[in-house]
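Hello,

I am handing over the structure below. My notes on it follow.

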Amino acid sequence: METTLAIIGGTGLTELEGLEILESKTIVTPYGEPSAPLLFGQLNRRPVVFLARHGNPHRIPPHKVNYRANLHALKQIGIKQVVAVNAVGGIHPAMGPAQVVIPDQLIDYTWGRASTFFEDDLEHVTHIDLTWPYTDSLRQRLIECAKSTQAPFSDFGVYACTQGPRLETAAEVARLERDGCHIVGMTGMPEAALAAELELDYACIGLVVNWAAGKTDHIITMEEIQAAIDQGMGRVLRILAELIAGE
Ligand code: HPA
């Protein structure tokens, strides 16, 4: 059974619970090896491909992920739609821990990452359009799936992508908020831009795992992040199961 749909799992989603793995393939790309072997499997008997963005076990920090190899590997095996799962901090008051957010925009604050396929051996300079960084048809499918789970979620959000791996200062988060950002993560870019360069449909499910820095009067702890993952990842998995069931 072939599929054109892939899931890229982030923090808290190194393995896709319930995935029956039929084949694990190490793919070599012109940009090196992806973070992990691609897992070809079935969820509820429907086919899907899964890639752990940070490797399995989780060991590659956000700024060291080989985003180009990850996206290129998916393209090489014939994937056409990519759903990215990203852990994020919440900035908007309605986007607190365990909340699911399906963003519609992003701002890139990263630096020094290999962020394009269009830089070597060019016949002409290429500037892709990224007005809408997330593919609307795929976003709408995610929104329908999220609605059918009856769990609360946000169908909009501006994702700020910071460099990491450290979390932000309170002043940095205040600036992100002034910029119009609603959630903040470290892995949304260059993934979205690279997907666009490869003409892959791309959409994101953000799981808020903490209030962003300065949004509460305490510091951010790994324990609170883990608790929000435990509380919210089930919601993400239900949305993914719905999506894959419709394949
Ligand atoms: N900031 C950046 N990235 C994140 C956060 C955050 O607060 N939480 C999870 N990923």
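Ile107 touches Val158, Tyr159, Ala160, Cys161, Asp179 and Cys181, leaving aside residues up to four places away in sequence; contact means heavy atoms within 4.5 Å. This is a predicted model, in which local features need pLDDT of at least 70 and side-chain atom pairs count only at pLDDT 80 or more, while totals for chains, interfaces and linings use all residues. Residues are numbered from 1 along each chain as its sequence is written, and side-chain values use heavy atoms, with hydrogens and water left out.

Ile107 sits in strand E7 (residues 105-108); strands (E, at least two residues) and helices (H or I, at least four) are DSSP runs, numbered from the N terminus. Ile107 is partly exposed, with a relative accessible area of 29%; buried means under 20%, exposed over 50%, and partly exposed in between (1.4 Å probe, protein chains only).

The largest nonpolar core has 70 residues, and Val83 and Leu240 have the most contacts inside it. Such a core is a set of buried Ala, Val, Leu, Ile, Met, Phe, Trp, Tyr and Cys residues joined through side-chain atoms within 4.5 Å. Helix H5 (residues 222-245) gives the largest share of this core, 11 residues. Apart from this core lies another, of 10 residues, including Ile91, Tyr109, Val158 and Cys181.

Among the residues that meet where H2 and H5 touch are Arg141 and Leu142 in H2, and Arg238 and Leu243 in H5.

Regards
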